Structure formats: structure tokens, C-alpha cells
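User: I am new to this structure. Please take me through it in short questions and answers.

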Amino acid sequence: MTDRPSPPDAPSPLGEPIDEPSAVLFACTQNAVRSPMAEAIMKHLIGMKAYVDSCGVRNGDLDPFAVEVLKEVGIDISRHAPKSFDQMEDDFFDVIVSLSPEAQHRAIEMTRTMACDIEYWPMLDATIIEGSRDVRLDAYRQVRDELMRRIRKRFAALLDENKTAE
């Protein structure tokens, strides 16, 4: 097991990351914004080349702003049902990407007896941003765009060639 700190594009003293994982889990606090966005973006970019899932330390309610900002780029997560680590049906992953400190701690606990890369990508919690609807949506767009950038860079070996130019 390796506990790889952010950013994922920095060389790791712990060995090379798995370039083409067969199973990836994105985890955050409530599986309501960051991790479902990451799951949907990755599925959109790689198709069926790997199993991709998401979960939270606890499950919340899917955030309508997350649904809206992904819809802007042609991705629909309106049917996503948030789930917690405890509700996961599968627990074998090559890579777990934690998007919040709480998820990072839980991922480490979960993988103590597994050979699995854990990467920590601290990501803005857009739900704490206050202001007008436009200000709040901009925060969600910032999260979406940063996830898109990191996923494209980290999982470049899995990207569908016809979708990398989006």
C-alpha cells in the first residue's frame, strides 16, 4: 500500500503509481458533490476501460448544484445515489482517490490489509461557499474543472482518444 500525497502529478518516493488501474474509487465526506462528480467525469472520459465508483465517509443527499454544473458539460449525475464506505458492495480497488481529509483517513483504515494506492487530492468543499447563486455555482464549476484537469493528467493512459480534446 502506498499513501501518495497530493498533487498526483508530483513524483512519488514510494514508487510509481498504477498508470492503468482496473478499479478506481473516489471518496469524499458525503458522496454528494466531489466524489460523484469525479466518478462521473472519469466514466465520461474513459468509458468502460476501468471500474469506477465513489463513496463518502457518510452518505448525504446529492447536491443539485453538482448536478447542474456537470450538466453544463454534458454529464448527467441526477440518478446518483450517495453511499458510504460501509455500503460499498465491492472493496477491491487499485487506486483510491480521497478528496477530503475525512475520506483520506477512512481510505487508509479500509486498505490496511490491501495492496492499493491511495492518493489524496484536497478539493474545495463548494458547499461552504456563501453568496449569490452565481457565486456558489462558480465554486462548483471550479471543483468540476479541477477534477477534470487532475483526472485527465493522472489517468491519461486510460483516456478515450476521441474524448481527450473536449
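**Questions on the fold, its residues and its pocket**

User: Where is Arg79 found in the chain?

Analyst: Helices (H or I, at least four residues) and strands (E, at least two) are DSSP runs, numbered from the N terminus. Strand β4 covers 95-98. Arg79 is found in the loop between α2 and β4.

User: What kind of model is this?

Analyst: Residues are numbered from 1 along each chain as its sequence is written, and side-chain values use heavy atoms, with hydrogens and water left out. Local features need pLDDT of at least 70, side-chain atom pairs count only at pLDDT 80 or more, and totals for chains, interfaces and linings use all residues, in what is a predicted model.

User: Is Arg79 buried or exposed, and what is its relative accessible area?

Analyst: Buried means under 20% relative accessible area, exposed over 50%, and partly exposed in between (1.4 Å probe, protein chains only). Arg79 is exposed, because its relative accessible area is 80%.

User: How far apart in space are Arg79 and Leu62, C-alpha to C-alpha?

Analyst: In sequence, Arg79 and Leu62 are 17 residues apart. In space, their C-alpha distance is 8.9 Å.

User: With which residues is Ser78 in contact, leaving aside its neighbours within four places in sequence?

Analyst: Ser78 lies in the loop between α2 and β4. Ser78 is partly exposed, because its relative accessible area is 43%. Contact means heavy atoms within 4.5 Å. Leaving aside neighbours within four places, Ser78 is in contact with Leu62 and Val67.

User: In what order do the elements of the protein chain run?

Analyst: The secondary structure comes to four helices and five strands. From the N terminus on, the order is β-β-α-β-α-β-α-β-α.

User: What share of the 166 residues is buried?

Analyst: The protein chain exposes about 8400 Å² (Shrake-Rupley method, 1.4 Å probe; for residues, only the protein chains shown count as cover). Carbon and sulfur atoms supply 49% of that area. Of the 166 residues, the buried share is 51%.

User: How far apart in space are Ala27 and Ala107, C-alpha to C-alpha?

Analyst: Ala27 lies in strand β2. Ala27 is buried, because its relative accessible area is 0%. Ala27 and Ala107 are 80 residues apart in sequence; C-alpha to C-alpha, they are apart by 7.9 Å.

User: What is the phi of Asn31?

Analyst: Asn31 is found in the loop between β2 (23-28) and α1. Asn31 counts as buried, because its relative accessibility is 0%. Its phi is positive, in a residue other than glycine, and lies near 55°.

User: How do the rings of Phe65 and Tyr140 pair?

Analyst: Rings of Phe, Tyr and Trp (its six-membered ring) pair if their centres lie within 6.5 Å; planes under 30 degrees apart count as stacked, over 60 as edge-to-face and the rest as tilted. A search of the whole structure finds four aromatic pairs. For Phe65 and Tyr140 the centres are 5.3 Å apart, with 65° between the planes, and the pair is edge-to-face.

User: Which helices does this pair link?

Analyst: Phe65 is buried, because its relative accessible area is 12%. Tyr140 is buried too, because its value is 0%. The two are 75 residues apart and link helix α2 (residues 64-71) with helix α4 (residues 133-154).

User: How many residues of the lining of the largest pocket are charged?

Analyst: The lining includes Arg34, Asp61, Asp63 and Asp125. Ala, Val, Leu, Ile, Met, Phe, Trp, Tyr, Cys and Pro count as nonpolar, Asp, Glu, Lys and Arg as charged, and the others, Gly among them, as polar. The lining divides into three nonpolar and three polar residues, and the charged ones number four.

Note on methods: 1 Å grid on protein atoms, 1.4 Å probe; cavity = no way out; pocket = protein on both sides within 12 Å on 5 of 7 lines; lining within 4 Å.
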